[in-house]
Amino acid sequence: MQKKIFVDSHCHLNDEKFDGELDDVIGRAVEAGVTRIINFGSTLEDSAVVVALSSDYEALYAGVGVHPEEAFEMTATDLHRLETMTRAPKVVAIGEIGLDYYWEKDADRRRLQQKIFIEQLDLARQLNLPVCIHEREAHGDALNILKREGRGLRGVMHCYSGSLEMARELWRLGWLIGLDGPLTFKNAAKLPEIVRAAPLEMLLIETDAPYMAPTPYRGKRNEPSYVVLIAEKLAELRAEPIELIASATTANAERLYFNR
Ligand code: NI
């Protein structure tokens, strides 16, 4: 039987929780069939780290960007630094970028998040790179920005937490949604309904490691090999074979991130 191949389409292996253990963590992922892992930066500094790691490990790819919780006034020089990073051979995306109103309650800071989100969307368009979006409790503004500023862009709303209605709108606009640990939780809320209604070609699987560990590791450190648990849950919820889920989600990640 052919081995099932998975892509962990979003994680943070530069996190200090992996210090000294990367060889083992990546080894376990590859052993589990997770042969490609996309590691995302949150600041200019750790975007540079993520790029460096992608040249150290065959399985690792990189996304570069400034996360909304790290929002700051970006200068032309900062944007140029990001652009320079994307020239490295294994940089496949701009991300993670977006809006986070859960952690940010201040109206001025939220406006700053919107501004740097839009600046980085523009950069992705210029570079013809896909975008990985972080969005928490900012559903309406995120969707409006994508409608207004998203022309010519493609990407994924990672760790999706919106409604089915919003997901349908994203799919119509061509945006995928990313599924992680919360899909496996007993209180998964709307996610089971959303994944049953989804066109399979609009779904990505991801870990967001070290965060968001799926059941039965909830609350512990997450790692890319656990993306298989997300795929298994997706297969169960959709009543489809795991082989189909593996091949389809891998093909979706390839179309978005590896076909340039
Ligand atoms: Ni993330």
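Author: A pocket is here an open set of grid points with protein on both sides within 12 Å along at least five of seven lines, and a residue belongs to its lining if one of its atoms is within 4 Å of a point. The model discussed here is a predicted one.

Reader: Which residues lie nearest the centre of the largest pocket, and how many residues line it?

Author: The lining holds 35 residues, and those nearest the centre are R136, C159, P182, D208 and M212. The volume of this largest pocket is about 870 Å³. Two or more lining residues come from each of β4, β5 (131-136), β7 (176-179) and α7 (191-197), with β5 giving the largest share, 3 residues. By residue class, the lining divides into 13 nonpolar, 10 polar and 12 charged residues.

Reader: What makes H10, H12, E96 and D208 donors of the nickel ion?

Author: Donors are N, O and S atoms within 2.8 Å of this metal, and H10 (NE2), H12 (NE2), E96 (OE) and D208 (OD) lie 2.1 to 2.3 Å from the nickel ion, so these atoms meet the cut-off. Along the sequence, the donor residues follow the spacing H-x1-H-x83-E-x111-D. H12, in the loop between β1 (6-11) and α1 (22-31), and E96, in strand β4 (residues 91-100), are 84 residues apart and link distant parts of the chain; both of these residues are buried.

Reader: Why is the arrangement of the 4 donor atoms around the nickel ion called irregular?

Author: The angles that the 4 donor atoms subtend run from 85 to 174 degrees.

Reader: Why does R168 count as partly exposed?

Author: Buried means under 20% relative accessible area and exposed means over 50%; R168 has 41% relative accessibility, which lies in between, and therefore counts as partly exposed. R168 lies in helix α6 (residues 164-173), and its C-alpha atom is separated by 8.0 Å from that of A198, 30 residues apart along the chain.

Reader: How do you know that both faces of β3 are covered?

Author: On one side L60, A62 and V64 are buried, and on the other Y61 and G63 are buried, so that 5 of the 5 residues in strand β3 (residues 60-64) are under the 20% cut-off. β3 pairs in the parallel sense with strand β2 (residues 34-40) over 4 bridges, where A62 is the bridge partner of N39. β3 also pairs in the parallel sense with β4 over 3 bridges, and there G63 stands opposite A93.

Notes:
Residues numbered from 1 in each chain as written. Predicted model: local features only at pLDDT ≥ 70, side-chain atom pairs only at ≥ 80, totals over all residues. Heavy atoms only, no water. Donors = N, O, S within 2.8 Å, 3.2 Å for Na, K, Ca; no water. Tetrahedral: all angles 85-135°; square planar, octahedral: opposite > 155°, others 65-115°. Buried < 20%, exposed > 50% of the residue type's maximum accessible area, 1.4 Å probe, protein only. 1 Å grid on protein atoms, 1.4 Å probe; cavity = no way out; pocket = protein on both sides within 12 Å on 5 of 7 lines; lining within 4 Å. Points joined across faces, edges and corners; volume = space filled by probe spheres on them. Nonpolar A, V, L, I, M, F, W, Y, C, P; charged D, E, K, R; others polar. Pairing = 2+ DSSP bridges.
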